[in-house]
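Please open the model in a viewer and keep the sequence panel in view. The stops below say what to select next and what is to be found there.

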Amino acid sequence: MMRCIQLAKNGLGTTYPNPLVGSVVVYKDKIIGEGWHKQSGKSHAEVNAINSVKDQELLMKATIYVNLEPCSHFGKTPPCANLIIEKGIKNVVIGSKDPNPKVSGKGLELLKENSCNVIQGILEKECNDLNKRFFTFFVKKRPYIILKWAETPDGFISPKFKTKKKPVWITNKKSRQLVHQWRSQEQAILVGTTTVIKDNPCLTTRDWNGSSPIRVVIDKRLKIPFEATIFDCNIKTIVVTEIKKENKLNLTYEIIDFSKNISHQICDLLCEYKVQSLIVEGGTKTLQTFINHNFWDEARVFRGTALFDEGTKAPSIKGQKISETKIEQDFLKILLND
């Protein structure tokens with residue numbers, strides 16, 4: 001099962017809206033086939049694993065392992081449970097039950113009804129964690145939310161004064177490249193009005209090879225000048241506002257009620273777009289809004305070496321620290337919401 005998880009991770013950032021799935025076929029304690037789901041619309045992990053077995057006759061004597069319940073419905077590809085049955089594989093070991101109502105338990109039932117020996121719940125915690133985005137989307141009805149910011153040793157997120165409309169870097173180049181890698185793994189990224197006006201960010205993966213996330217911008221009164229980089233229409237961008245405005249190619253305006261819970265409404269909105277994960281990279285006001293309403297799952301906080309003496313204070317957050325690593329002179333702390 002650990003090998004399934006390892007294989008599945010290869011698809012991080014490329015399988016949305018599908019989950020991360022890896023599969024191995026074992027005969028006499030030896031792996032004879034393996035595969036993972038690489039992209040939505042392409043073959044699922046079980047199909048790739050089964051097709052990689054050179055001697056297909058061995059399948060009837062083999063065991064197939066998969067970290068998530070095999071699907072039993074027709075989507076962009078045929079059901080994996082049906083293929084397992086057709087190939088005569090009688091032993092199936094599963095990590096997690098699929099939370100998607102289209103699948104949930106139906107794949108297990110179909111396999112059992114066709115005389116398959118099904119074992120489930122193997123390394124279930126690890127398998128659930130692998131697909132934390134997928135599970136959060138279907139169980140909590142919102143995206144998996146990652147808060148990210150960089151702060152100085154004296155606790156500031158930005159300086160009091162700036163002379164240019166671009167970021168003032170707190171962290172080093174390696175840390176910034178890591179952030180771009182994270183962006184390639186998630187579906188959307190969110191910032192507030194002030195961040196865009198002061199920094200004019202691209203919010204892309206320009207320092208990493210991967211797809212850029214959907215840009216989500218909070219702009220209540222449409223104060224951001226249209227010359228801002230986020231309006232270049234190269235990447236799908238959603239502006240959350242209270243003012244109605246005509247949509248353009250790759251640029252959509254969505255109206256919410258700013259007198260109510262903003263983070264909740266944004267999560268509901270992103271669920272309509274089938275967004276399973278969101279990085280919040282805004283300033284303190286935006287980040288604190290999500291923290292105060294308890295709409296976050298993970299916080300990734302850099303501490304650099306720059307000193308501002310005065311400026312905008314970093315967000316206040318409490319959570320379970322699961323790691324702290326050093327990246328040259330920077331420190332990266334990761335917190336989980338208790």
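Begin by selecting helix H6, residues 132-140, in this predicted model. Helices here are DSSP runs of H or I with at least four residues, strands are runs of E with at least two, and both are numbered from the N terminus. H6 is mostly covered, as seven of its nine residues are buried. Buried stands for under 20% relative accessible area, exposed for over 50%, and partly exposed for values in between, with a 1.4 Å probe and protein chains only. The buried residues are Lys132, Arg133, Phe134, Phe135, Thr136, Phe137 and Phe138.

Two notes apply to every stop. Residues are numbered from 1 along each chain as its sequence is written, and side-chain values use heavy atoms, with hydrogens and water left out. Because the model is predicted, local features need pLDDT of at least 70 and side-chain atom pairs count only at pLDDT 80 or more, whereas totals for chains, interfaces and linings use all residues.

Display the side chains of lysine 140 and aspartate 297. They form a salt bridge whose closest N and O atoms are 3.8 Å apart; the term requires a side-chain nitrogen of Lys or Arg within 4 Å of a carboxyl oxygen of Asp or Glu. Lysine 140 belongs to H6 and aspartate 297 to the loop between helix H10 (284-292) and strand S13 (298-303), so the pair ties together parts that are 157 residues apart in sequence. Aspartate 297 counts as buried, at 9% relative accessibility. Next, select Lys132 together with Glu298 and Arg300, which are linked in a network of salt bridges. The structure holds 14 salt bridges.

**The cavity**

Where does the largest share of the lining of the largest cavity come from? H6 supplies that share, with three residues. A cavity is a set of points on a 1 Å grid, laid over the protein atoms alone, where a 1.4 Å probe fits but cannot get out; lining residues have an atom within 4 Å of a point. Its volume is the space filled by probe spheres set on the points, which are joined across faces, edges and corners. The count comes to one cavity of 30 Å³ or more, and the largest cavity has a volume of about 70 Å³. To find its centre, select Tyr16, Asn18, Leu20, Asn131 and Arg133, the closest to it of the 13 lining residues. The lining divides into six nonpolar, five polar and two charged residues. In this grouping Ala, Val, Leu, Ile, Met, Phe, Trp, Tyr, Cys and Pro are nonpolar, Asp, Glu, Lys and Arg are charged, and the others, Gly among them, are polar.

Move to strand S1, residues 22-27. Six of its six residues are buried, so S1 is largely enclosed by the rest of the structure. In a regular strand, side chains alternate between the two faces of the sheet. Gly22, Val24 and Val26 point one way from S1, and Ser23, Val25 and Tyr27 the other way.

Strands are taken as paired if DSSP finds at least two bridges between them. S1 runs antiparallel to strand S2 (residues 30-36), joined by six bridges, and tyrosine 27 has lysine 30 of S2 as its bridge partner. Two residues lie between the strands of this hairpin, where lysine 28 takes a positive phi near 55°. S1 also pairs with strand S3 (residues 63-68) in the antiparallel sense, over four bridges; there, serine 23 stands opposite valine 66.

Arginine 3 lies in helix H1 (residues 2-8) and glutamate 34 in S2, so the pair ties together parts that are 31 residues apart in sequence.

**The open sheet**

Finally, colour the nine strands of the open sheet, in the order S11-S10-S9-S8-S12-S6-S13-S16-S15, with mixed pairing. Its edge strands, S11 (251-255) and S15 (320-327), each pair on one side only. Within the sheet, strand S6 (residues 144-151) and S13 pair in the parallel sense over six bridges, and lysine 148 has arginine 300 of S13 as its bridge partner.

Note on methods
On a 1 Å grid over the protein atoms alone, a cavity is a set of points where a 1.4 Å probe fits but cannot get out, and a pocket is an open set with protein on both sides within 12 Å along at least five of seven lines; lining residues have an atom within 4 Å of a point.
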